[in-house]
Amino acid sequence: MKSILRVLVFVPLALIILFFSMANRTMVKIGLDPFAANPADAPSVEAPMYLVVLAAMALGVLAGGVSSWLGHLPVRRAAKVARAEAKKTRLEIEKLRQQALAELPSESKAAKR
(Lines give C-alpha, C1' and ligand atoms only; values in the text may rest on other atoms or scores of the structure.)
Protein backbone atom coordinates (compact mmCIF):
# COMPACT_ATOMS: atom_id res chain seq x y z
CA MET A 1 0.00 0.00 0.00
CA LYS A 2 2.80 2.41 0.90
CA SER A 3 4.65 1.75 -2.35
CA ILE A 4 1.53 2.52 -4.39
CA LEU A 5 1.00 5.73 -2.41
CA ARG A 6 4.62 6.72 -2.98
CA VAL A 7 4.26 6.16 -6.71
CA LEU A 8 1.01 8.16 -6.79
CA VAL A 9 2.71 11.08 -5.04
CA PHE A 10 6.30 11.09 -6.31
CA VAL A 11 5.76 10.31 -10.00
CA PRO A 12 3.45 13.31 -10.58
CA LEU A 13 5.76 15.47 -8.45
CA ALA A 14 8.78 14.41 -10.51
CA LEU A 15 6.87 15.11 -13.73
CA ILE A 16 5.87 18.57 -12.49
CA ILE A 17 9.51 19.35 -11.61
CA LEU A 18 10.67 18.01 -14.99
CA PHE A 19 8.12 20.04 -16.96
CA PHE A 20 8.86 23.15 -14.88
CA SER A 21 12.58 22.71 -15.57
CA MET A 22 12.01 22.30 -19.30
CA ALA A 23 9.79 25.38 -19.49
CA ASN A 24 12.14 27.68 -17.50
CA ARG A 25 15.58 27.15 -19.01
CA THR A 26 16.34 30.83 -19.55
CA MET A 27 19.32 32.25 -17.71
CA VAL A 28 18.69 34.75 -14.92
CA LYS A 29 21.16 36.98 -13.14
CA ILE A 30 21.25 36.67 -9.35
CA GLY A 31 22.78 39.66 -7.59
CA LEU A 32 24.76 38.83 -4.46
CA ASP A 33 25.09 42.36 -3.05
CA PRO A 34 21.76 43.96 -2.12
CA PHE A 35 23.41 47.25 -1.12
CA ALA A 36 25.40 47.89 -4.29
CA ALA A 37 25.18 51.45 -5.59
CA ASN A 38 25.34 50.22 -9.17
CA PRO A 39 23.67 46.77 -9.53
CA ALA A 40 25.54 46.15 -12.80
CA ASP A 41 28.88 46.23 -10.95
CA ALA A 42 27.73 44.05 -8.03
CA PRO A 43 28.89 40.44 -7.84
CA SER A 44 26.36 38.16 -9.47
CA VAL A 45 25.81 34.64 -10.75
CA GLU A 46 23.91 33.53 -13.81
CA ALA A 47 21.92 30.32 -13.59
CA PRO A 48 18.89 28.75 -15.24
CA MET A 49 15.64 29.95 -13.70
CA TYR A 50 14.46 26.44 -12.81
CA LEU A 51 17.68 25.85 -10.87
CA VAL A 52 17.22 29.05 -8.89
CA VAL A 53 13.60 28.24 -8.04
CA LEU A 54 14.28 24.60 -7.13
CA ALA A 55 17.31 25.58 -5.03
CA ALA A 56 15.23 28.17 -3.20
CA MET A 57 12.54 25.57 -2.53
CA ALA A 58 15.14 23.07 -1.28
CA LEU A 59 16.63 25.69 1.05
CA GLY A 60 13.15 26.49 2.34
CA VAL A 61 12.44 22.84 3.07
CA LEU A 62 15.81 22.48 4.78
CA ALA A 63 15.27 25.62 6.86
CA GLY A 64 11.79 24.43 7.85
CA GLY A 65 13.15 21.03 8.87
CA VAL A 66 15.91 22.56 10.98
CA SER A 67 13.44 24.97 12.56
CA SER A 68 11.04 22.14 13.38
CA TRP A 69 13.85 19.99 14.78
CA LEU A 70 15.07 22.82 17.01
CA GLY A 71 11.51 23.61 18.11
CA HIS A 72 10.99 20.02 19.27
CA LEU A 73 14.16 19.84 21.39
CA PRO A 74 12.29 20.48 24.68
CA VAL A 75 9.76 17.78 23.84
CA ARG A 76 12.48 15.26 23.03
CA ARG A 77 14.31 16.11 26.28
CA ALA A 78 11.12 15.60 28.28
CA ALA A 79 10.49 12.29 26.53
CA LYS A 80 14.03 11.14 27.33
CA VAL A 81 13.52 11.98 31.02
CA ALA A 82 10.13 10.24 31.03
CA ARG A 83 11.64 7.10 29.45
CA ALA A 84 14.39 7.03 32.07
CA GLU A 85 11.86 7.43 34.89
CA ALA A 86 9.65 4.72 33.41
CA LYS A 87 12.60 2.32 33.20
CA LYS A 88 13.55 3.10 36.79
CA THR A 89 9.96 2.56 37.91
CA ARG A 90 9.70 -0.77 36.03
CA LEU A 91 12.89 -2.00 37.73
CA GLU A 92 11.59 -0.92 41.12
CA ILE A 93 8.25 -2.65 40.50
CA GLU A 94 10.03 -5.86 39.51
CA LYS A 95 12.22 -5.67 42.64
CA LEU A 96 9.18 -5.15 44.87
CA ARG A 97 7.35 -8.01 43.13
CA GLN A 98 10.27 -10.33 43.80
CA GLN A 99 10.37 -9.24 47.45
CA ALA A 100 6.62 -9.79 47.81
CA LEU A 101 6.86 -13.27 46.27
CA ALA A 102 9.75 -14.15 48.57
CA GLU A 103 7.72 -13.12 51.63
CA LEU A 104 4.68 -15.24 50.71
CA PRO A 105 4.37 -18.43 52.71
CA SER A 106 5.44 -21.45 50.72
CA GLU A 107 2.87 -24.09 49.70
CA SER A 108 4.42 -26.70 51.99
CA LYS A 109 3.91 -24.46 55.03
CA ALA A 110 0.32 -23.74 53.99
CA ALA A 111 -0.44 -27.47 53.53
CA LYS A 112 0.78 -28.34 57.07
CA ARG A 113 -1.67 -25.97 58.73
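Is L5 buried or exposed? At 54% relative accessibility, L5 counts as exposed. Buried stands for under 20% relative accessible area, exposed for over 50% and partly exposed for what lies in between, with a 1.4 Å probe and protein chains only.

This is a predicted model, in which local features need pLDDT of at least 70 and side-chain atom pairs count only at pLDDT 80 or more, while totals for chains, interfaces and linings use all residues. Residues are numbered from 1 along each chain as its sequence is written, and side-chain values use heavy atoms, with hydrogens and water left out.

**Figure 1. The whole chain.** The chain has 4 helices and 2 strands, arranged along the sequence as α-β-β-α-α-α. Its radius of gyration is 32 Å, well over the 13 Å that the globule rule gives for 113 residues, so the chain is more spread out than a compact globule. The radius is taken over C-alpha atoms, and the rule is 2.2 Å times the number of residues to the power 0.38. Helices (H or I, at least four residues) and strands (E, at least two) are DSSP runs, numbered from the N terminus. Along the principal axes, the C-alpha atoms fill a box of roughly 105 × 40 × 15 Å. Of the 113 residues, 4% are buried.

**Figure 2. Residue L5 in helix α1.** L5 lies in helix α1. From L5 to N24 there are 19 residues in sequence and 29 Å in space, C-alpha to C-alpha.

**Figure 3. Helices α1 and α2.** Helix α1 covers residues 2-23, and its axis comes within 7 Å of that of α2, crossing at roughly 140°. The two helices are therefore oblique to each other. Angles under 35 degrees count as roughly parallel, over 145 as roughly antiparallel, 65 to 115 as roughly perpendicular and the rest as oblique. I17, F20 and S21 of α1 make the contact with Y50, V53 and L54 of α2; contact means heavy atoms within 4.5 Å. By class, this contact has 5 nonpolar, 1 polar and no charged residues.

**Figure 4. Residue V52 in helix α2.** V52 belongs to helix α2 and, at 27% relative accessibility, counts as partly exposed. Apart from neighbours within four places in sequence, V52 is in contact with V28, I30 and A47. V52 and A86 are 34 residues apart in sequence, and their C-alpha atoms are 49 Å apart in space.

**Figure 5. Helices α2 and α3.** Helix α2 (residues 49-71) packs against helix α3 (residues 73-103) at an angle of about 40°, and their axes are 4 Å apart. This pair is therefore oblique. In the contact, W69, L70 and G71 of α2 meet L73, P74 and R76 of α3. The classes here are 4 nonpolar, 1 polar and 1 charged residues.

Figure 6. The structure holds 1 salt bridge, defined as a side-chain nitrogen of Lys or Arg within 4 Å of a carboxyl oxygen of Asp or Glu. E94 pairs with R97 in this salt bridge, and the closest N and O atoms are 3.2 Å apart. The two residues, E94 and R97, are 3 residues apart in helix α3 and so are separated by about one helical turn. E94 counts as partly exposed at 34% relative accessibility, and R97 counts as partly exposed at 45%.

How values were computed. Axes fitted to C-alpha atoms, helices over the stretch in contact; angles between N-to-C directions. Nonpolar A, V, L, I, M, F, W, Y, C, P; charged D, E, K, R; others polar.
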